Amino acid sequence: MKNLIIIGAGGCGREVLQCAEDINEKMIANEGSKKWNIKGFLDDNLNALEGKTCSISIIGSIDGYTIVSDDVFVCAIGDSRLRQAIIEKMKSKGAIFTNIIHPSAIIASSCKIGSEQIIYPFVLISDNAVIGDGCIINMYSSIAHDSILGDYCTISAHCDITGECTLGQRVFMGTTSNIVPGCKIGSDVYICAGATVMTKVRNGLKVLGNPAKIVKF
Amino acid sequence: MKNLIIIGAGGCGREVLQCAEDINEKMIANEGSKKWNIKGFLDDNLNALEGKTCSISIIGSIDGYTIVSDDVFVCAIGDSRLRQAIIEKMKSKGAIFTNIIHPSAIIASSCKIGSEQIIYPFVLISDNAVIGDGCIINMYSSIAHDSILGDYCTISAHCDITGECTLGQRVFMGTTSNIVPGCKIGSDVYICAGATVMTKVRNGLKVLGNPAKIVKF
Amino acid sequence: MKNLIIIGAGGCGREVLQCAEDINEKMIANEGSKKWNIKGFLDDNLNALEGKTCSISIIGSIDGYTIVSDDVFVCAIGDSRLRQAIIEKMKSKGAIFTNIIHPSAIIASSCKIGSEQIIYPFVLISDNAVIGDGCIINMYSSIAHDSILGDYCTISAHCDITGECTLGQRVFMGTTSNIVPGCKIGSDVYICAGATVMTKVRNGLKVLGNPAKIVKF
């Protein structure tokens, strides 16, 4: 059995822990044994769990940890750029990453899903969608038919990427934001919470409101 | 066993195929045999599946297809008016339609659901709601207690029709739009993505924003 | 077996009845017997079910009902202040309340959930969240990691309380409204449907729009 190590012991990390425990529980029910031995968190703040109810502990800092065989990793850090940097550095040191996909998520059989993913409860990824590496897709968010997400996108809860949209790399979508069919969104775009995007958005822009308009950072 | 034929091989049609496959899979798990033999798509664009991963193919055009016994149909065309025309024409030629209701949808036992429906994953239809014929209700959308939908409404994903609302025929709701309790919406109303409707809307109008205001087409 | 009595035979009450029936059905499937004998509604309007399809009836008014042993109650009244008053009065007369939590809801093992709750289908309450007493959390609504809800909050459908938010008592959130991470919301705040709250909101205020702004009642 592999040892699962969660990078980041903040809110996202603890939510990923719950997902991993739900996956283990389902595997026990279906197959009689759990999927992973959940080994602990890595976090540079060794006090990150202070005051929190949590079934596992922090076993080291990110840079300080020595990878052993049977370790698999997931990077539960919400910031796209930081997540990408950590995943790339850890992979260069030999780390193997796994996807965390909650059992309640629905993923069409025709999708292509990259590696290093975190897919929360009640997510739906629909027909012929393509998801790059290192994305986080939070609860209730949906990617409809034929849409394409680049690497390291961070999709908050209750978002809807409707049909035939294209998103670049490291796009952030705030809670309950949505993109109408066929829109093209560049890389490093920041879509504010609740925004409804009805037009093309170029690289590096931030958009807010309904219909979403460009705002300065 | 009936043959299921999906009219429309676009994004909606392929999403309906996934729903039908999920229904088949659940029937096999529960009862040992699938519900339908999924025969294929009808589409006037015989190249509609080009470049797509898909387990079935297009078996003919809509008008060109000869109905045989054991055929049942579902019309997976997002445009309300076109869907109505095709369903009415096919029925006049003897076609029998079936409802596609994803196993993850929750439907209260007191609801009245019409025929020729498509109900996506994670939909919730609540107490004493009434749904007309030929509606499409996309993923995560909810119709709360006592609300009434007319025929051929098209409800996108993440919409909320709250309690005691009334919608006419062929209403379109864009993604994540919502209607506050008790609102009356006429027929052929177009509610833009992300709109929050707080007032009555008369037949044929288009509304946008939060609170939703009338806009010209 | 306890007798379940639902206070309020309006839309919310009938939705709670459906939840209770779903809980019973799941208990029968898993353990061979239902959880409650669902005894009926209490409502001061004895005609509240007129014209509705409903499997149970109104067995008395709220004040007129004489509590018997084995009765447990749930208060399905959407107005926070009225719900609090009825729960407090009934408890002073010896009533024992139960939580209604739909089987499709996902609740992290680290959460603290108060008493007298109603938790609808597809709700998600995430890591280390704390929910006070007497809250109603409607379908698809989510409370993310570390957020705190005071007593008697009323959360409509499709809401997102993101991570590390704090809500006071009797907060109302309209459908599809949401609060960005870390926001502090006072008591008796009214968040209109579709609002995106990006700032602190003091006690007793009403906010509307995206970004949400203060409006007069």
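A salt bridge here is a side-chain nitrogen of Lys or Arg within 4 Å of a carboxyl oxygen of Asp or Glu. Keep that in mind for the opening stop, and remember throughout that this is a predicted model.

**Stop 1: where chain A meets chain B**

Show chains A and B together. By the definition above, there are three salt bridges between them. For one of the salt bridges, select Asp127(A) and Arg14(B): their side chains meet with an N to O distance of 2.6 Å.

Now color the whole interface. Polar contacts link 14 residue pairs across the two chains, counting pairs with both residues at pLDDT 80 or more. How much area is buried between chain A and chain B? About 1900 Å², with carbon and sulfur atoms giving 57% of that.

**Stop 2: Ser141(A)**

Stay in chain A and select Ser141(A), in the loop that runs between strand S11 (136–137) and strand S12 (142–143). Is Ser141(A) buried or exposed? Its relative accessibility is 1%, so Ser141(A) counts as buried.

**Stop 3**

Switch to a cartoon of chain B and find the open sheet of eight strands, with mixed pairing. Trace the strands in the order S5-S8-S11-S14-S17-S20-S22-S23. At the edges sit S5 (100–101) and S23 (213–215), each pairing on one side only.

Zoom in on S8 (residues 118–119) and S11 (residues 136–137) of chain B: these strands run parallel and are joined by two bridges. Select Ile119(B) and you will find Ile137(B) of S11(B) standing opposite.

**Stop 3: Gly132(C)**

Finish in chain C. Gly132(C) is in the loop between strand S10 (130–131) and strand S11 (136–137). With a relative accessibility of 11%, Gly132(C) falls under the 20% cut-off and therefore counts as buried.

Which residues does Gly132(C) touch, not counting those up to four places away in sequence? Select Gly114(C), Gln117(C), Leu149(C), Gly150(C) and Asp151(C).

Conventions. Residues numbered from 1 in each chain as written. Chains lettered and ligands numbered in written order. Predicted model: local features only at pLDDT ≥ 70, side-chain atom pairs only at ≥ 80, totals over all residues. Heavy atoms only, no water. Helix = DSSP H or I, 4+ residues; strand = E, 2+ residues; numbered from the N terminus. Buried < 20%, exposed > 50% of the residue type's maximum accessible area, 1.4 Å probe, protein only. Contact = heavy atoms within 4.5 Å. Buried area = accessible area lost by both parts, 1.4 Å probe. Polar contact = N/O pair within 3.5 Å; in protein donor to acceptor, adjacent residues only side chain to side chain. Pairing = 2+ DSSP bridges.
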